[in-house]
Amino acid sequence: MIVKENSKNNFEQCIKCTVCTVYCPVAAVNPLYPGPKQAGPDGERLRLKRPEFYDEALKYCLNCKRCEVACPSNVRIGDIIQTARINHSKSKPGLREFTLANTDLVGSVATLAAPVVNATVGLKPVKAIMDKVVGIDHRRIFPKYSQGTFEGWMRKQRKAQSTFEKQVAYFHGCYVNYNNPPLGQAFVRVMNALGYGVQLLDKEKCCGVALISNGFIKQARRQAEVNVRSIRTAVLEKQLPVLATSSTCTFTLRDEYPHLLGVDNHDVRDEVELAVRYIYRLVQQGAKLPFKADAPKIRVAYHTPCHMEKLGWSSYSIELLKMIPSVEVTVLNSQCCGIAGTYGFKKENYETSQAIGEGLFRQIEASGCDYVVTDCETCKWQIEMSTSKRVLHPLEVLAQAL
Amino acid sequence: MTKEYDVIIIGGGATGAGVARDCALRGIKPLLVERFDIATGATGRNHGLLHSGARYAVNDHESAEECIRENMILRRIASHCVDETGGLFISLPEDGLEFQKKFIESCLSAGIYAEAIDPKEALLLEPSANPALIGAVKVPDGSVDPFRLTTANIIDAKLHGAEVLTYHEVEELIMEQGRVVGVKVLDRKSGERKEIRSRIVVNAGGIWGHNIAKKAGVTINMLPAKGSLLIFGHRVNNVVLNRCRKPADADILVPGDTISLIGTTSSKVLFDEVDNMYVTADEVDLLLREGAMLAPSLLHTRILRAYAGVRPLVASDDDPSGRSVSRGIVVLDHATRDGVEGFITITGGKLMTYRLMGEWTTDLICKKLAVDAKCTTAERPLPGSSPQKREQTSRKIHAVPTMQRESSLYRHGDMAERVETSTSAKRSLVCECEEVSVGEVEYAINALEVNNLVDLRRRTRVGMGTCQGELCACRAAGLMAEHGKYCTRRAKQDLASFLNERWKGMAPVAWGDTLRESEFTMWLYDGVCGLTTKKEEEK
């Protein structure tokens, strides 16, 4: 027979088992969202007939990709939905989307006057204005900006880091750079303890995940091209692995670039990974982590971020945590916390966002843990806002125990 | 009680429905009898191509002219059944450009707008077309949904006084003094037999009309020619693709509603085979191989099903393929032809010319009944096809989710307002592939003469999507039972026969995802739900 194996229309593999909709965190709480099967493969067939079949309700998709993890037929449901939004959505991004999406720009301005910004965005009248005028929910608590960026700190470290024979490149992301340089510093400490020096990429831009979800596709593509070029230099010329501490940045660099933005990264994709995975492999190969004997005992509960689930890598974080003698680990059910980056900041999504996370918040409160640990910064904001617990990154826990 | 009608029309295809509507609009009281459901014969088993006539332009000037005239009329009167996609006749290197010149000349002389365009432009217009093409001609082809078209004609006919009996099979023609004066029918649902009388009987039975004519002792030399087609899972093309060469096998690719269709083959079959058409492996192979010449991506597109229809051609010579036979309309007045009064046969023609066939037949009926009324079917829009009302309906159902609203409007035109959408229960979906809601199914059950799931499919597309009944069949059967269409036992039987009918179409192309999905369907119905009719038969 002359029939070829694979179609470029991946949605054809759907056999309508509907397990994706069962796993969709939005469909469970928001009846306005048609669910991944309807919005994805079913809708795609209709949109191929006529673009008028595009339903603006697709904006309720979190892009958590839990549908794709659940799918037994390998349908890239989340990609289909996001691509449809990119191609068909008529709603133009506004001021709110611009502010939320441009993490680089906003971050670099905010860090210059961090104490003022942090104090201002916490004020009730400011929140009221942002709610009414901009459409950012007043109940949302903003992440704090730091004084000085991680990149600034790293510049001072360059000499010390270059003394290590073995080197890795670090994709720090906007959050580490503008909000939480101590996480980057913890990463550097851990890597140094393992005998590796850390260096930055030639040029790093925001991975673009917020640009994609807010409809700034061209800008996202430009930034992706810059990042892939820098990653190529690191991987192909300097023979360095590129490590990151954010699960969403990692996922975006590896998979969203080729799937949603059409930016080819196949030659370097496998060399971009999460630090926890790299470190776990080093330990497996015999590297020793010098744990303190007198570290205080803590109980932590690990939360699996959606993109970590999609990467399939949460076990690396969990196993690393289990290696720390002073840490007792419980694993929370893998479920979405509801924030999904900038999604939960939007006024119209606040209720959905909190309803999605409700089960998780309850489980956290009941777990009796001292800290929640997770690889995603936006999960951290959501959990810290919605529960009584502080949230740490696995590498922060690790660094504290060294 | 015997009721007298002016006309009894045998056959519920597009032609019969067209005759019934035309009669009713001219004040003649018709009864339409159909042994199964509407559009079960050749009407529902073709390409659904809104011919521009271009295909016939070179060889059959008369058919071409008829086509383009009816094409323009249908766009007006049946807008909700028509998709104005446009069409391309592409020339591949092996075809050469020789034929193109003659083709364009013939089109223009038949009144068909035909314009040669640059191959690059053709690929922009239809990206799925074979990139090797060396020439392309733009023509006003489109697609037409035969089920909707027939349904709309029936609705309008009934609105103007026609009566319709589906699942009534004509067993005999009542003859009195060499005159046909009525029919003896078998009610296939109740098993009852009855006589119905009329002043004229019209035989619009398509290929089955051959046997109906025999009942009056009349011979029509028909030539059953089987045509097979493949349905692809989604729209591969949005513009009708044809080969610019002498008409041959599998050289038309039509985008119809959510799917694309490639066809057809042509082979002679025997009369005793016409009730049971199977698509063979060789035909599937041929359709794919030739289809890929039009659009290479067909080779790796999921095929939903295969089906075959029988063309009711009237033989004018003994061409074995049935292709060089005229597709022209044949109206036979058996009074002048055979000395049998009160009996007319309408045959030949094609879906495209169903209205004209109705007009000619009704003209003859009028003459016989001495009724002085003009045909208005070319001007009066069919129910559902009023552009102004469509706009109103669209606004009225604005709160319905986009995909469902657009699907409902696409299928029913302005009649979509009859679909109940007021509660979320009515808006919940029965068929997820084709976005058919509970409200739409209930509308079909209550207003569009639905007796079983297959009938429902013809009215709504339930079960016509990629899942082929996997999710919707049981929901629809539940609704049918709820609305008193049948009991639980009959519901189970109907469910089984519906799924078997779906499988019949999938079997010739059962590989890859189509096979996977049908396996999954079997797990669900047989494995999980325990739907099996075998055990009951054993008892």
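Of the 64 residues in the largest nonpolar core, Phe187(A), Met191(A) and Ile279(A) are the ones that touch the most other members. A nonpolar core here is a set of buried Ala, Val, Leu, Ile, Met, Phe, Trp, Tyr and Cys residues joined through side-chain atoms within 4.5 Å. Buried means under 20% relative accessible area, exposed means over 50%, and partly exposed is in between (1.4 Å probe, protein chains only). Helix α16 (residues 275-284) of chain A gives the most to this core, with seven residues. Helices (H or I, at least four residues) and strands (E, at least two) are DSSP runs, numbered from the N terminus.

A quick word on the ground rules: this is a predicted model, where local features need pLDDT of at least 70 and side-chain atom pairs count only at pLDDT 80 or more, while totals for chains, interfaces and linings use all residues. Residues are numbered from 1 along each chain as its sequence is written, chains are lettered from A and ligands numbered from 1 in the order in which they are written, and side-chain values use heavy atoms, with hydrogens and water left out.

**Cores and buried spots**

Back to Ile279(A): leaving out residues up to four places away in sequence, Ile279(A) touches Val190(A), Met191(A), Leu194(A), Leu320(A) and Leu395(A). Contact means heavy atoms within 4.5 Å. There's also a second, separate core of 53 residues, which includes Ile10(B), Leu253(B), Leu298(B) and Leu332(B).

Pro41(A) sits in helix α3 (residues 36-49) of chain A, and Pro41(A) is buried, at a relative accessible area of 1%. Setting aside neighbours within four places in sequence, Pro41(A) is in contact with Phe11(A), Cys14(A), Lys16(A), Pro36(A), Val75(A) and Ile77(A). Pro41(A) and Gly78(A) are 37 residues apart in sequence, and their C-alpha atoms are 9.7 Å apart in space.

Over in chain B, have a look at His210(B), in helix α7 (residues 209-215) of that chain. His210(B) is buried, with a relative accessible area of 12%. Not counting residues up to four places away in sequence, His210(B) touches Ile220(B), Met222(B) and Phe271(B).

**Strands in chain B**

Strand β7 (residues 135-139) of chain B is mostly covered, with four of its five residues buried. Strand β5 (residues 87-91) of chain B runs antiparallel to β7(B), and five bridges join them. Two strands pair if DSSP finds at least two bridges between them. Ile90(B) has Ala136(B) as its bridge partner in β7(B). Strand β6 (residues 115-117) of chain B is antiparallel to β7(B) too, joined to it by three bridges. There, Ala116(B) has Val137(B) as its bridge partner in β7(B). In a regular strand, side chains alternate between the two faces of the sheet.

**Salt bridges**

Over all chains, the structure holds 71 salt bridges. A salt bridge is a side-chain nitrogen of Lys or Arg within 4 Å of a carboxyl oxygen of Asp or Glu. Here are some of them:

| Side-chain pair | N to O distance |
|---|---|
| Arg281(A) and Glu273(A) | 2.7 Å |
| Glu442(B) and Lys426(B) | 2.9 Å |
| Arg232(A) and Asp267(A) | 2.7 Å |

Arg232(A) lies in helix α14 (residues 217-237) of chain A and Asp267(A) in the loop between α15 (247-261) and β4 (272-274) of chain A, so the pair ties together parts that are 35 residues apart in sequence. Arg232(A) counts as partly exposed at 25% relative accessibility, and Asp267(A) counts as partly exposed at 34%.

What about Arg281(A) and Glu273(A)? Arg281(A) is partly exposed, with a relative accessible area of 30%, whereas Glu273(A) is buried, at 4%.

In chain B, the salt bridge between Glu442(B) and Lys426(B) links distant parts of the chain: Glu442(B) is in helix α14 (residues 438-447) of chain B and Lys426(B) in helix α13 (residues 424-427) of chain B, 16 residues apart. Glu442(B) counts as buried at 9% relative accessibility, while Lys426(B) is partly exposed, with a relative accessible area of 26%. Separately, salt bridges that share partners join Arg45(A), Lys49(A), Asp145(B), Arg148(B), Asp257(B), Glu434(B) and Arg461(B) into one network.

**On the surface**

Finally, Phe98(A), Leu105(A) and Val109(A) form a nonpolar surface patch, with about 270 Å² of accessible area together. Patches are made of residues with over 30% relative accessible area and no salt bridge, joining like charges within 9 Å and nonpolar side chains (Val, Leu, Ile, Met, Phe, Trp, Tyr) within 5 Å. Accessible areas come from the Shrake-Rupley method with a 1.4 Å probe, and for residues only the protein chains shown count as cover. Val109(A) lies in helix α7 (residues 103-112) of chain A, and Val109(A) is exposed, with a relative accessible area of 53%.
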